[in-house]
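Let's take a walk through a protein chain together. Keep the picture in view as you read, and look up each residue when its name comes up.

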Amino acid sequence: MKQFICICIILCILLFIFIEVASTKTWVEDFNTDSFDSWTKHDLENRSTWLPKDGHLDVWAQPPPPPGATDRYVLEFTGFRFDVDKLNVKVRILEARNTGVGILIGQYDGQGSITERTIAFLHRSVFGVTRKPKGFELIEKARNDNPTLAPLEAMEISFNKGDFEVLSKGKFLIKYHVPQLPTINCVGLISLVGRGRGVVAHFVLDNFIISGPDVPAHGTLNINPKGKIAALWGELKQQ
(Lines give C-alpha, C1' and ligand atoms only; values in the text may rest on other atoms or scores of the structure.)
Protein backbone atom coordinates (compact mmCIF):
# COMPACT_ATOMS: atom_id res chain seq x y z
CA MET A 1 0.00 0.00 0.00
CA LYS A 2 2.79 2.40 0.92
CA GLN A 3 4.53 1.57 -2.33
CA PHE A 4 1.38 2.39 -4.29
CA ILE A 5 1.03 5.73 -2.48
CA CYS A 6 4.67 6.55 -3.22
CA ILE A 7 4.18 5.75 -6.90
CA CYS A 8 1.08 7.97 -7.02
CA ILE A 9 2.97 10.85 -5.40
CA ILE A 10 5.86 10.52 -7.86
CA LEU A 11 3.42 10.44 -10.80
CA CYS A 12 1.69 13.57 -9.51
CA ILE A 13 5.01 15.38 -9.17
CA LEU A 14 6.03 14.38 -12.70
CA LEU A 15 2.64 15.50 -14.04
CA PHE A 16 3.02 18.86 -12.30
CA ILE A 17 6.50 19.33 -13.77
CA PHE A 18 5.22 18.39 -17.23
CA ILE A 19 2.36 20.91 -16.99
CA GLU A 20 4.75 23.65 -15.86
CA VAL A 21 7.19 22.96 -18.69
CA ALA A 22 4.43 22.66 -21.29
CA SER A 23 2.88 25.97 -20.17
CA THR A 24 6.18 27.84 -20.59
CA LYS A 25 6.66 29.11 -24.13
CA THR A 26 9.74 30.72 -25.62
CA TRP A 27 10.31 33.56 -28.07
CA VAL A 28 13.79 33.58 -29.59
CA GLU A 29 15.60 36.16 -31.69
CA ASP A 30 19.12 35.27 -32.72
CA PHE A 31 19.52 38.20 -35.17
CA ASN A 32 20.17 36.00 -38.20
CA THR A 33 17.84 38.11 -40.36
CA ASP A 34 17.54 41.80 -41.19
CA SER A 35 13.98 41.97 -39.78
CA PHE A 36 13.55 44.40 -36.91
CA ASP A 37 9.75 44.19 -36.72
CA SER A 38 9.85 43.08 -33.08
CA TRP A 39 11.82 46.10 -31.85
CA THR A 40 11.36 49.84 -31.25
CA LYS A 41 14.38 52.12 -30.85
CA HIS A 42 14.19 54.96 -28.30
CA ASP A 43 16.82 57.49 -29.28
CA LEU A 44 15.43 60.98 -29.96
CA GLU A 45 18.67 62.32 -31.42
CA ASN A 46 19.34 59.13 -33.41
CA ARG A 47 22.86 58.76 -32.04
CA SER A 48 22.78 54.95 -31.88
CA THR A 49 22.73 52.30 -34.60
CA TRP A 50 21.35 48.80 -33.92
CA LEU A 51 21.95 46.40 -36.81
CA PRO A 52 21.87 42.61 -37.26
CA LYS A 53 25.30 41.65 -38.60
CA ASP A 54 26.87 38.21 -39.09
CA GLY A 55 24.18 36.59 -36.94
CA HIS A 56 24.62 39.05 -34.06
CA LEU A 57 23.24 42.43 -33.00
CA ASP A 58 25.96 45.01 -33.67
CA VAL A 59 25.48 48.38 -31.94
CA TRP A 60 27.30 51.69 -32.13
CA ALA A 61 26.49 54.83 -30.10
CA GLN A 62 28.12 58.26 -30.00
CA PRO A 63 26.75 60.71 -27.40
CA PRO A 64 27.18 64.47 -27.78
CA PRO A 65 30.61 65.76 -26.65
CA PRO A 66 29.85 67.79 -23.49
CA PRO A 67 31.12 65.73 -20.52
CA GLY A 68 29.48 65.26 -17.14
CA ALA A 69 26.40 63.25 -18.14
CA THR A 70 25.35 59.78 -19.24
CA ASP A 71 23.20 59.07 -22.27
CA ARG A 72 20.76 56.15 -22.45
CA TYR A 73 20.07 54.23 -25.63
CA VAL A 74 17.17 51.77 -25.53
CA LEU A 75 15.89 49.10 -27.89
CA GLU A 76 12.47 48.02 -26.60
CA PHE A 77 11.11 44.58 -27.48
CA THR A 78 7.62 45.07 -28.97
CA GLY A 79 7.07 41.71 -30.68
CA PHE A 80 3.93 41.19 -28.60
CA ARG A 81 2.08 42.97 -25.80
CA PHE A 82 2.11 41.63 -22.27
CA ASP A 83 1.48 42.53 -18.65
CA VAL A 84 2.62 39.55 -16.61
CA ASP A 85 3.74 38.52 -13.13
CA LYS A 86 6.26 35.94 -14.40
CA LEU A 87 8.84 36.26 -17.16
CA ASN A 88 12.37 35.15 -17.95
CA VAL A 89 14.71 37.17 -20.19
CA LYS A 90 18.16 36.20 -21.42
CA VAL A 91 20.78 37.75 -23.70
CA ARG A 92 24.40 37.01 -24.58
CA ILE A 93 26.87 39.91 -24.38
CA LEU A 94 29.75 39.07 -26.67
CA GLU A 95 31.58 42.39 -26.62
CA ALA A 96 31.23 45.77 -24.89
CA ARG A 97 33.44 48.85 -25.17
CA ASN A 98 32.90 52.27 -23.52
CA THR A 99 29.43 51.30 -22.29
CA GLY A 100 27.38 49.49 -19.70
CA VAL A 101 24.92 47.30 -21.56
CA GLY A 102 22.24 44.89 -20.45
CA ILE A 103 18.54 44.16 -19.95
CA LEU A 104 15.87 46.78 -19.26
CA ILE A 105 12.75 45.47 -17.52
CA GLY A 106 9.76 46.98 -15.73
CA GLN A 107 6.62 49.04 -16.40
CA TYR A 108 6.10 51.52 -19.22
CA ASP A 109 2.78 53.29 -19.90
CA GLY A 110 3.67 54.75 -23.29
CA GLN A 111 4.24 58.28 -21.98
CA GLY A 112 7.43 60.10 -21.18
CA SER A 113 10.73 58.30 -20.93
CA ILE A 114 11.06 54.58 -21.55
CA THR A 115 13.15 54.37 -18.36
CA GLU A 116 10.38 55.36 -15.95
CA ARG A 117 9.58 52.59 -13.46
CA THR A 118 12.15 50.31 -15.05
CA ILE A 119 15.36 48.69 -13.86
CA ALA A 120 18.52 48.31 -15.97
CA PHE A 121 20.63 45.25 -15.17
CA LEU A 122 24.02 46.05 -16.68
CA HIS A 123 27.05 44.18 -17.97
CA ARG A 124 29.78 43.70 -15.32
CA SER A 125 27.89 45.58 -12.62
CA VAL A 126 24.97 43.22 -11.92
CA PHE A 127 22.56 46.13 -11.80
CA GLY A 128 22.41 49.78 -12.59
CA VAL A 129 19.15 51.56 -11.89
CA THR A 130 18.13 54.35 -14.20
CA ARG A 131 15.37 55.34 -11.78
CA LYS A 132 15.59 53.27 -8.63
CA PRO A 133 12.02 52.30 -7.63
CA LYS A 134 10.94 53.06 -4.08
CA GLY A 135 11.36 50.03 -1.87
CA PHE A 136 14.05 48.43 -4.03
CA GLU A 137 15.41 45.81 -1.63
CA LEU A 138 18.26 43.31 -1.70
CA ILE A 139 16.94 39.84 -0.80
CA GLU A 140 19.86 37.50 -1.37
CA LYS A 141 23.26 37.29 -3.03
CA ALA A 142 25.60 34.44 -3.85
CA ARG A 143 27.93 33.47 -1.05
CA ASN A 144 31.71 33.70 -1.41
CA ASP A 145 31.25 35.82 -4.48
CA ASN A 146 31.28 39.49 -5.34
CA PRO A 147 28.34 39.91 -7.72
CA THR A 148 29.30 43.48 -8.62
CA LEU A 149 32.36 42.10 -10.39
CA ALA A 150 30.77 39.04 -11.97
CA PRO A 151 31.02 38.92 -15.76
CA LEU A 152 27.55 38.83 -17.27
CA GLU A 153 28.28 37.52 -20.76
CA ALA A 154 25.21 35.27 -20.49
CA MET A 155 22.85 37.55 -18.58
CA GLU A 156 19.52 36.21 -17.36
CA ILE A 157 16.77 38.00 -15.42
CA SER A 158 14.04 35.89 -13.86
CA PHE A 159 11.01 37.94 -12.76
CA ASN A 160 8.36 36.56 -10.39
CA LYS A 161 5.75 38.87 -8.81
CA GLY A 162 8.11 41.68 -7.83
CA ASP A 163 11.22 39.54 -7.37
CA PHE A 164 14.12 40.02 -9.79
CA GLU A 165 16.72 37.26 -9.81
CA VAL A 166 19.97 37.81 -11.73
CA LEU A 167 21.92 34.87 -13.16
CA SER A 168 25.03 34.56 -15.29
CA LYS A 169 25.55 31.40 -17.34
CA GLY A 170 22.84 29.78 -15.26
CA LYS A 171 24.58 30.65 -11.98
CA PHE A 172 22.62 32.60 -9.36
CA LEU A 173 24.18 35.97 -8.50
CA ILE A 174 21.73 38.19 -6.68
CA LYS A 175 18.02 38.77 -6.00
CA TYR A 176 15.98 41.93 -5.42
CA HIS A 177 12.40 42.66 -4.45
CA VAL A 178 10.48 45.65 -5.83
CA PRO A 179 6.96 45.81 -4.33
CA GLN A 180 5.92 48.56 -6.76
CA LEU A 181 6.37 46.13 -9.66
CA PRO A 182 4.10 43.11 -9.08
CA THR A 183 3.80 42.88 -12.88
CA ILE A 184 5.90 44.04 -15.84
CA ASN A 185 4.92 45.12 -19.34
CA CYS A 186 8.25 46.22 -20.79
CA VAL A 187 11.53 44.48 -21.63
CA GLY A 188 14.37 45.51 -23.86
CA LEU A 189 18.06 46.25 -24.22
CA ILE A 190 19.80 49.31 -22.84
CA SER A 191 23.18 50.98 -23.20
CA LEU A 192 24.52 53.65 -20.82
CA VAL A 193 27.32 55.75 -22.30
CA GLY A 194 29.23 58.49 -20.49
CA ARG A 195 29.61 61.68 -22.50
CA GLY A 196 33.00 62.95 -23.56
CA ARG A 197 34.69 64.34 -26.62
CA GLY A 198 35.29 61.54 -29.12
CA VAL A 199 33.58 58.82 -27.01
CA VAL A 200 32.17 56.02 -29.16
CA ALA A 201 30.48 52.99 -27.61
CA HIS A 202 30.35 49.62 -29.34
CA PHE A 203 28.81 46.32 -28.23
CA VAL A 204 27.71 43.03 -29.74
CA LEU A 205 24.77 40.95 -28.48
CA ASP A 206 23.19 37.64 -29.43
CA ASN A 207 20.36 35.22 -28.59
CA PHE A 208 17.68 37.40 -26.99
CA ILE A 209 15.28 34.90 -25.36
CA ILE A 210 11.95 35.54 -23.60
CA SER A 211 10.11 32.68 -21.91
CA GLY A 212 7.02 32.41 -19.71
CA PRO A 213 3.42 31.13 -19.55
CA ASP A 214 2.06 34.12 -21.51
CA VAL A 215 4.73 34.21 -24.22
CA PRO A 216 3.22 33.36 -27.64
CA ALA A 217 4.55 30.25 -29.33
CA HIS A 218 4.37 31.90 -32.72
CA GLY A 219 5.46 35.13 -34.34
CA THR A 220 8.63 36.48 -35.89
CA LEU A 221 11.12 33.95 -34.65
CA ASN A 222 14.39 34.84 -36.28
CA ILE A 223 15.92 31.36 -36.26
CA ASN A 224 18.23 30.01 -38.91
CA PRO A 225 17.76 26.20 -38.99
CA LYS A 226 21.28 25.76 -40.31
CA GLY A 227 22.84 28.21 -37.91
CA LYS A 228 22.79 28.36 -34.14
CA ILE A 229 19.57 26.48 -33.42
CA ALA A 230 21.30 23.24 -32.34
CA ALA A 231 23.37 25.00 -29.69
CA LEU A 232 20.38 27.12 -28.70
CA TRP A 233 18.16 24.06 -28.27
CA GLY A 234 20.78 22.52 -26.01
CA GLU A 235 20.78 25.68 -23.93
CA LEU A 236 16.97 25.81 -23.67
CA LYS A 237 16.79 22.20 -22.52
CA GLN A 238 18.88 23.12 -19.48
CA GLN A 239 16.34 25.69 -18.27
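Start with two residues, Trp 39 and Phe 208, which are both buried; buried means under 20% relative accessible area, exposed over 50%, and partly exposed in between, with a 1.4 Å probe and protein chains only. What you see is a predicted model, where local features need pLDDT of at least 70 and side-chain atom pairs count only at pLDDT 80 or more, while totals for chains, interfaces and linings use all residues. Residues are numbered from 1 along each chain as its sequence is written, and side-chain values use heavy atoms, leaving out hydrogens and water.

Now for the rings. Rings of Phe, Tyr and Trp (its six-membered ring) pair if their centres lie within 6.5 Å; planes under 30 degrees apart count as stacked, over 60 as edge-to-face, and the rest as tilted. By this rule there are twelve aromatic pairs. Trp 39 and Phe 208 make one that is edge-to-face, with 4.8 Å from centre to centre and 70° between the planes. This pair links distant parts of the chain: Trp 39 sits in strand S2 (residues 39–42) and Phe 208 in strand S14 (residues 201–212), 169 residues apart. Another pair, Phe 159 with Phe 164, is tilted, at 4.9 Å centre to centre and 50° between the planes. Phe 159 and Phe 164 are buried too. Ring pairs also join residues into a cluster, with Trp 27, Phe 31, Phe 36, Trp 39, Phe 77, Phe 80, Phe 82 and Phe 208 as its members.

Five strands build an open sheet in the order S2-S5-S13-S7-S8, with antiparallel pairing; two strands pair if DSSP finds at least two bridges between them. At the edges are S2 and strand S8 (118–122), each pairing on one side only. Inside this sheet, strand S7 (residues 100–106) and strand S13 (residues 186–194) pair in the antiparallel sense over seven bridges. Which residue in S13 is the bridge partner of Gly 106? That partner is Cys 186.

Finally, step back to the whole chain. Of its 239 residues, 42% count as buried. Among contacts (heavy atoms within 4.5 Å) between residues at least 6 apart in sequence, 72% join residues at least 24 apart.

Technical notes:
Helix = DSSP H or I, 4+ residues; strand = E, 2+ residues; numbered from the N terminus.
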